[in-house]
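Hi,

Here is the structure we talked about. Please load it and read the notes below alongside it.

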Amino acid sequence: MAEAASRRLVLEVRGVRKTYGERVITEVLKGIDLELFAGDFCALTGPSGSGKTTLLNLIGLLDWPTSGQILIDGRETGPLTDQERTDLRGTALGFVFQFHHLLPAFSAIENVMMPLLARHGSPKPWIRERAAALLDEVGLSHRSHYRSTDLSGGEQQRVAIARALVVDPILVLADEPTGNLDTETSAYVMELLHAFNTRSGTSFLLVTHEPDIAEGCRRVVHMIDGCVDSDRVVANKTGG
Amino acid sequence: MPFELFVALRYLKDQGSQTGLILAGIGVGVGVIIFLSALITGLQESIIERTLGSQAHVIVRPPEETPRLLPAGPGELRSVVVERPPQRVRSIEGWRQISSQLERIPGVTGVATTVTGPAIAVRGLGSIAISVRGIELERYQTIVDVESRLVEGRFDLAGARAVVGTELARKLGIGVGGRIRVQAAGDRGVVYTVSGIFDYNSVTLNESLVFVSLRGAQTLFGLSGGVSALELTGSDIFEAEALAELIRDRTGLDAQSWMSQNGDLLTGLRSQSMSSIMIQVFVILAVALGIASVLAVSVVQKAREIGILRATGTRAGTVTRIFLIEGAILGAIGSLIGIALGTFLALFFASMARNPDGSATFPIALTGALYGRSVAVAMLVGLVSAVIPARDAARMDPATAIRNG
């Protein structure tokens, strides 16, 4: 971790708590501290109900913590307005969901373009070129005009990865990205994610239940009952 | 193409039959509005044309003659019985000045001087009570298009020539070139040669109205250089009563609008307009509820997609605009369908019933203004109907929408 001091801190989670309910209060996160540096490839593991997805939603600015601070690229997100949070999501973060969550009314390339279209207002040639290049990188240039519903599960997830990367984010949040895929496709998707991580230096935080996937990451944060139980570097996966 | 429009169009296309059904609903609604408006406006215009096609909007006459009592002497007490004098054809004092004064009133589009009075038309042993109207054809033509009513001969009033109605010609057995004697009060009579015959589509007018020259009528009624009425038209026929009141106030003369003389007609027209407006309001309400319900369902169906859009950086305001645009597009396209449907219905209905002369029994008024208004109303209704669904969409919590949508 000595080299971490020289690297850019892209995410800081400081004492984040999250409770639900008014009469019966359920504390899902009980004071989480977590730091992620540029280029990190970190798995977030833990049993169901340990608070992984809740933490991912808070880091993804899709939900508000009950207390504590979340800093993205050094920027405190607590005081931000809804619009500022949306803009930050659209520029600094990328999302990959378990069920891909592509927009079925749009083609693969339009799905990839969507975050940039939302930000820049109208389709510009460079947006289409960037989306096409990313589709090419995930091996789907020949399917760019297919509706998402006409793609296989693995292909849909590759489109979702391209969509997450199109804004050139500093951090990609992936919630069980291989949870719905067969072993072979899972391995291919993970390869893609690692390749992007290595090439662009984009940080990845992956929620996963699968030990193999977690062990393939350089760092594994394990959660139990809303707390970080362990935070370890995986042997032979250091660096980068 | 702006992002919001791009997404809205795609969603509408993607919803297929749902979009088709609501477009059909809007189309039928707008079609009914156009059909009803065209029919009722056409009927009203036809009724007004028939009524006002033969008369001025406002007629200004001298005030009625009233008896004047001599003042009683000091200490004198008199018992009098006041009898109203018979009304005779009289001239408006200072009519030239008043006429130019009327022409300057904003909204007045034409002023004509006339001498109108009662008389009897005699031919041989036949006689009919008539109303003689002395006019200067060129000026009178600016307020009532009399020449277009001519069915025979020419509208020539020079010298002792007259133009009579079809009924009078029939009853007195005369044609163009025939002669009638017109006898007025005070034993004044003139023999006129009929130069033309008109048809006002009114038995009463065709029987009783006789046009002569202004000078001829002045001679007949002993009004040398005078006129008995100033007849005028305004730009808005429904402002005629206000115009008449203004003229009464300014001149002290007796000004009567067509509205005060056709009270029943006016009530009928207003009732017709009100019922038409009521039907249109309820149709618009039904259309609005239809659009709102389709969009509300669409928001629920697309909850997860809205969540994804929000998660990937689409602002809440952008989501609002997507659904507002959907509403406006539905209104616009629906109104175009409605225009086609309404126009077809109106033309079909008009072609179904025809008068013996070939004109439509139910005249229709399909105007650019009606179409423009329909499109504008439908788009506005679409926008307004989309407000609540759009607001709900924008308020969605992205995480919940993605999880539960």
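**A loop residue in chain B**

B:Ser148 sits in the loop that runs between helix H4 (137-141) and strand S4 (150-153) of chain B. Bear in mind that this is a predicted model. Is B:Ser148 buried or exposed? It has 10 C-beta neighbours inside 10 Å, and a residue with 12 or fewer is classed as exposed, so B:Ser148 is exposed. B:Tyr200 is 52 residues away from B:Ser148 in sequence. In space, the two are 9.6 Å apart, C-alpha to C-alpha.

**A buried strand in chain B**

Strand S8 (residues 209-213) of chain B is the opposite case. Five of its five residues are buried, so S8(B) is largely enclosed by the rest of the structure. Two pairings of S8(B) are worth a look.

- Strand S3 (residues 126-135) of chain B pairs with S8(B) in the parallel sense, over five bridges. Here B:Ile135 stands opposite B:Ser213.
- Strand S5 (residues 161-165) of chain B pairs with S8(B) in the antiparallel sense, over two bridges. Here B:Val163 stands opposite B:Phe211.

**A helix pair in chain B**

Next, look at helix H2 (residues 17-52) and helix H12 (residues 316-352) of chain B. Their axes come within 6 Å and cross at roughly 45 degrees. H2(B) and H12(B) are therefore oblique to each other. The crossing is right-handed. What kinds of residues make up the contact of H2(B) with H12(B)? There are 18 nonpolar and nine polar residues, and no charged ones.

**The contact between the chains**

Chain B puts 21 residues into the contact, and chain A puts in 26.

Chain A has an open sheet of four strands, in the order S2-S1-S4-S5, with antiparallel pairing. Strand S2 (26-37) and strand S5 (75-76) of chain A stand at the edges. Each has a single partner strand, so one side of each is left without a neighbour in the sheet. Nine bridges join S2(A) to strand S1 (residues 9-20) of chain A, and the two run antiparallel. A:Tyr20 has A:Thr26 of S2(A) as its bridge partner. Helix H1 (residues 52-59) of chain A packs on this sheet. H1(A) touches S1, S2 and strand S4 (67-72) of chain A, and its direction makes about 120 degrees with that of S1(A).

Another open sheet in chain A has six strands, in the order S6-S7-S8-S3-S9-S10. Its pairing is mixed. The edge strands are strand S6 (93-96) and strand S10 (227-233) of chain A, each pairing on one side only. From one strand to the next, the twist averages 20 degrees. Within this order, strand S3 (residues 41-45) and strand S9 (residues 219-224) of chain A pair in the parallel sense over four bridges. A:Leu44 stands opposite A:Val221 in S9(A).

Best wishes

Notes: Residues are numbered from 1 along each chain as its sequence is written. Chains are lettered from A and ligands numbered from 1 in the order in which they are written. This is a predicted model: local features need pLDDT of at least 70, side-chain atom pairs count only at pLDDT 80 or more; totals for chains, interfaces and linings use all residues. Axes are lines fitted to C-alpha atoms, for helices over the stretch in contact, and angles run from 0 to 180 degrees between N-to-C directions. Angles under 35 degrees count as roughly parallel, over 145 as roughly antiparallel, 65 to 115 as roughly perpendicular and the rest as oblique. A crossing is left-handed if the near helix is turned anticlockwise from the far one by less than a right angle, and right-handed if clockwise. Ala, Val, Leu, Ile, Met, Phe, Trp, Tyr, Cys and Pro count as nonpolar, Asp, Glu, Lys and Arg as charged, and the others, Gly among them, as polar. Two strands pair if DSSP finds at least two bridges between them. Two residues are in contact if their C-beta atoms, placed from the backbone, lie within 7 Å. A residue is buried if 20 or more other C-beta atoms lie within 10 Å of its own, exposed if 12 or fewer, and partly exposed in between; C-beta atoms are placed from the backbone.
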